[in-house]
Amino acid sequence: FPSAKGQQATVSTFQPMDIFELEHVSHPSISPNGSKVAFIRNYRDVMTDRTLGNLWMANFDGTEVRPLSSGLHNDSSPAWSPDGSMLAYRSDKSGKTQLYLRWVASGEEAMLTNLTESPGQPVWSPDGKWLAFTLFVSEEKSSLVKLPPAPKGAKWAEAPKYIDDLKYRSDGAGYLRPGHRQLFVLPVEGGTPRQLTEGPYDCGNPVWSADGQGLIFSSNRHPDAETEPANSEIYEVSLNGGEPKALTNRKGPDSNPVLSPDGKLIAYTGHDEQYLGYQISRLYVMNRDGSNPRLISGDFDRSIENIHWSGDGKGIYFQYDDRGQTKVAFMTLDGKSRDITSKVSGLSIG
């Protein structure tokens with residue numbers, strides 16, 4: 001606005017175009033020795049109206065913040081190898097999202113996949129020889145009606161869509177393609193991704209067993225999955241394939257499995273289905289083989305998410321929202337909790 005002297009005064013209020021000047025950090029990933037943090041620095045491109053992101057790294061104390069990639073593309077999901085020498089991450093720098101491997105010391109990179117679908121978050125095996133991830137596998141749907149082929153040069157209307165799925169459309173995505181996200185593994189030294197699961201079921205992000213011979217994941221593989229979409233279980237599938245083995249069995253969602261540091265326990269979130277409009281997500285722990293499942297969070301009356309074991313395996317860090325604020329807390333295996341941080345918003349534990 002003009003000032004009294006006819007000069008332009010500084011505008012201090014937030015303006016619509018200021019959105020393109022904002023940046024934020026996401027996907028923090030701490031190196032195995034705790035000295036480095038890889039993360040995505042997100043920004044907005046005014047010419048394409050897109051949010052983009054590049055891979056960056058910093059020392060744990062915040063010093064030596066430096067870029068590992070640059071350009072108008074999207075990097076995401078950095079994951080350190082167990083020995084801390086490599087970073088696996090997702091990027092669409094080739095035009096389609098693929099998995100990449102970066103050697104931290106030399107800065108050399110290799111594109112590990114050349115897939116027609118976008119792979120999910122990469123997860124390293126304990127020995128550093130494999131990466132596990134989810135990948136959408138399309139399925140063919142045969143229509144009840146077979147239409148005759150159009151004569152050469154004819155311009156017919158678009159063929160009708162045949163849909164027999166209960167969930168066939170989603171906000172922001174429109175009509176859903178027939179298919180499901182399955183589990184795949186890929187040797188780090190190169191090769192072709194190998195599919196471990198199949199069938200009309202979606203698989204959640206996997207975690208490796210301590211011996212590296214299997215993957216633990218959440219999925220709803222019940223015959224009535226379409227009419228009971230929240231009734232997921234924790235499963236394990238062998239690296240050699242075969243039918244997944246259910247580790248939980250109760251009415252309600254069991255999800256987000258995390259293996260304890262010694263590999264003897266699995267923490268997960270869920271609740272007993274009561275068909276209410278809203279139910280809080282609770283914290284559970286069970287033995288590695290699925291035996292002795294027990295509720296840990298007890299009377300804690302907030303939804304628990306983003307769980308991580310402490311290094312000594314004596315408790316679990318987690319996030320929860322309380323009156324508009326995101327908090328980080330710690331809970332022992334006997335259900336005693338304490339807040340670690342408070343009055344923070346938009347936080348994610350790396």
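The model is predicted: local features need pLDDT of at least 70 and side-chain atom pairs count only at pLDDT 80 or more, while totals for chains, interfaces and linings use all residues. Residues are numbered from 1 along each chain as its sequence is written, and side-chain values use heavy atoms, with hydrogens and water left out.

Let's start with Lys36, which sits in strand β2 (residues 36-45); strands (E, at least two residues) are DSSP runs, numbered from the N terminus. Lys36 has a relative accessible area of 24%, so this residue counts as partly exposed, a class between buried (under 20%) and exposed (over 50%), using a 1.4 Å probe and protein chains only. Leaving aside neighbours within four places in sequence, its contacts (heavy atoms within 4.5 Å) include Ser29, Met57, Arg66 and Trp80.

Glu236 belongs to strand β17 (residues 233-238). Not counting residues up to four places away in sequence, Glu236 touches Leu215, Ile216, Phe217, Pro244, Lys245, Leu247 and Arg288.

Both residues take part in a side-chain polar contact, meaning a pair of N or O atoms within 3.5 Å; within protein, one must be able to donate a hydrogen and the other to accept it, and residues adjacent in sequence count only if both atoms are side-chain atoms.

| Side-chain pair | Polar contact |
|---|---|
| Lys36 and Asn59 | 2.7 Å |
| Glu236 and Arg288 | 2.6 Å |

Glu236 and Gly270 are 34 residues apart in sequence, with 17 Å between their C-alpha atoms.

Finally, Ile19 lies in the segment before β1 (24-30) and is partly exposed, at 31% relative accessibility.

How values were computed
Helix = DSSP H or I, 4+ residues; strand = E, 2+ residues; numbered from the N terminus.
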